[in-house]
Amino acid sequence: MDGFGFSEGYEMKSKTIRRWSAVHTWTSLICTVFLLMLALTGLPLIFHHEIDHLLGDAAELKVMPADTPQLNLQQLVQAAEKHRPGEVVQYFGYEKDEPNAAIAIMAPTAGTEPNSSHTFMLDARTGEALEMPSANGGFMMVMLRLHVDMFAGLPGKLLLAFMGILFVVAIVSGTVLYLPFMRRLKFATVRQDKSTRLRWLDLHNLIGVVTLTWALVVGVTGVVSACADLLIAAWRNDTLTAMIAPYRDAPPLTELAPATRLLDIAREVAPGMQPDFIAFPGTRFSSEHHYAVFMKGSTHLTSHLLTPVLIDASTLQVTAVVERPWYMDVMGMSQPLHFGDYGGMPMQILWATLDVLTIIVLGSGVYLWVVRRRATKPVLEKAESVA
Amino acid sequence: MKRRQSNFWKVFATPTVIALFSAAGLFAALLGDGVWDALSWVGLGIPAILGLRGLLQRR
């Protein structure tokens with residue numbers, strides 16, 4: 001299928017180029033609707049912190065003297081349980097820019113799936129609970145769910161992962177086709193005076209080739225993130241199962257040892273690392289019999305890599321500092337490279353600009369295909385009437 | 001064969017340089033704040049500006 005009219009004036013004899021053209025046309029056409037949705041929902045997500053503050057959805061901690069002491073972890077657990085009676089704590093998370101806060105995630109049971117959990121902030125000094133509306137519903141949550149799984153759970157994620165793979169193939173095939181198109185044109189030529197189609201063809205090629213690296217990185221890291229559930233399941237099978245094998249036949253815990261010293265215990269066995277989050281017993285990041293404290297590295301680069309420390313939830317003995325398989329590191333590094341949240345506001349603006357440019361490449365691609373099809377249709381009809 | 005190779009670099013020389021800048025930009029901010037962030041703004045700014053310039057230019 002010669003979707004884009006190579007035959008006009010270029011040396012297009014080669015079958016190979018026709019094949020690449022077919023690959024480019026069909027991979028792009030199939031993934032375009034999904035990619036447009038991802039690019040559009042991704043745009044507000046780049047600025048989710050700023051939008052939360054603007055909408056008044058961000059939890060604001062009370063101003064208190066800088067040396068105000070913090071409650072211990074068990075006191076915070078109790079504060080959380082008092083805030084939502086009948087529920088259990090699944091996770092406690094920490095944010096770099098809010099040292100006086102803990103993010104609590106609670107649900108009716110420890111094993112409750114993430115989308116049914118409730119997220120809020122605890123003031124670590126007073127135990128006061130602060131609601132985080134945008135983490136539990138509302139416009140930004142709709143954007144996030146559309147972007148992550150289209151409200152369809154794992155099948156939705158896997159479908160989007162597949163669309164991401166098609167997007168990567170479309171980018172690669174598009175780059176191959178860039179050569180025959182541009183053989184006689186100087187870089188960044190945009191023919192303004194011939195026809196609308198030629199102008200958009202040149203823009204599609206120009207914007208496509210300059211955003212190539214960014215789009216590839218965001219595409220690939222998006223696919224990795226979409227497969228996170230599978231990677232976590234693999235990690236549970238590979239690593240966690242072996243570590244907790246001695247507990248396989250242990251009776252379920254009726255009472256947990258206090259969480260008070262969890263962070264100190266984890267720091268002792270993972271020196272120089274910082275706590276990122278704690279998974280309480282029974283969640284998918286821990287075991288039925290363990291607290292898992294996820295420690296992150298303290299350099300910029302290693303702060304995205306997590307090392308779990310498994311702590312027996314009745315004796316508070318360290319069962320293991322779990323080794324990290326390579327794919328968990330890939331998953332960790334994929335997050336900043338997909339979100340664009342690691343280089344300040346200028347990077348967020350550049351991320352949004354490149355996102356909009358990608359929308360233009362997608363849109364112009366569909367336009368070029370439609371125009372080409374319309375132009376070749378009469379010929380096809382003639383051929384059909386002859387046959 | 002030789003002609004084809006020179007064709008290749010004639011077409012891909014500039015895009016390769018832009019790709020290297022973008023990659024450096026994506027990587028730089030992972031390494032630190034301050035100067036590293038600024039490097040990443042330059043690296044990612046190049047493709048963003050070139051794309052916008054093409055879009056906005058009129059004859």
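The largest nonpolar core has 81 residues, and A:A104, A:Y291 and A:V293 have the most contacts inside it. A nonpolar core is a set of buried Ala, Val, Leu, Ile, Met, Phe, Trp, Tyr and Cys residues joined through C-beta atoms within 7 Å. A residue is buried if 20 or more other C-beta atoms, placed from the backbone, lie within 10 Å of its own. This is a predicted model, in which local features need pLDDT of at least 70 and side-chain atom pairs count only at pLDDT 80 or more, while totals for chains, interfaces and linings use all residues. Residues are numbered from 1 along each chain as its sequence is written, and chains are lettered from A, with ligands numbered from 1, in the order in which they are written.

- Beyond its neighbours within four places in sequence, A:A104 is in contact with A:A80, A:V89, A:F92, A:F120 and A:L122; contact requires C-beta atoms, placed from the backbone, within 7 Å.

**Chain A as a whole**
- Chain A has 11 helices and 8 strands.
- Of its 387 residues, 32% count as buried.
- The C-alpha atoms of chain A fill a box of roughly 80 × 50 × 40 Å along the principal axes.

**Interface**
- In chain B, 29 residues are in contact with 33 residues of chain A.
- On the side of chain B that touches chain A, α1(B) provides the largest share, 13 residues.

How values were computed:
Contact = placed C-beta atoms within 7 Å. Helix = DSSP H or I, 4+ residues; strand = E, 2+ residues; numbered from the N terminus. Buried ≥ 20, exposed ≤ 12 C-beta atoms within 10 Å, placed from the backbone.
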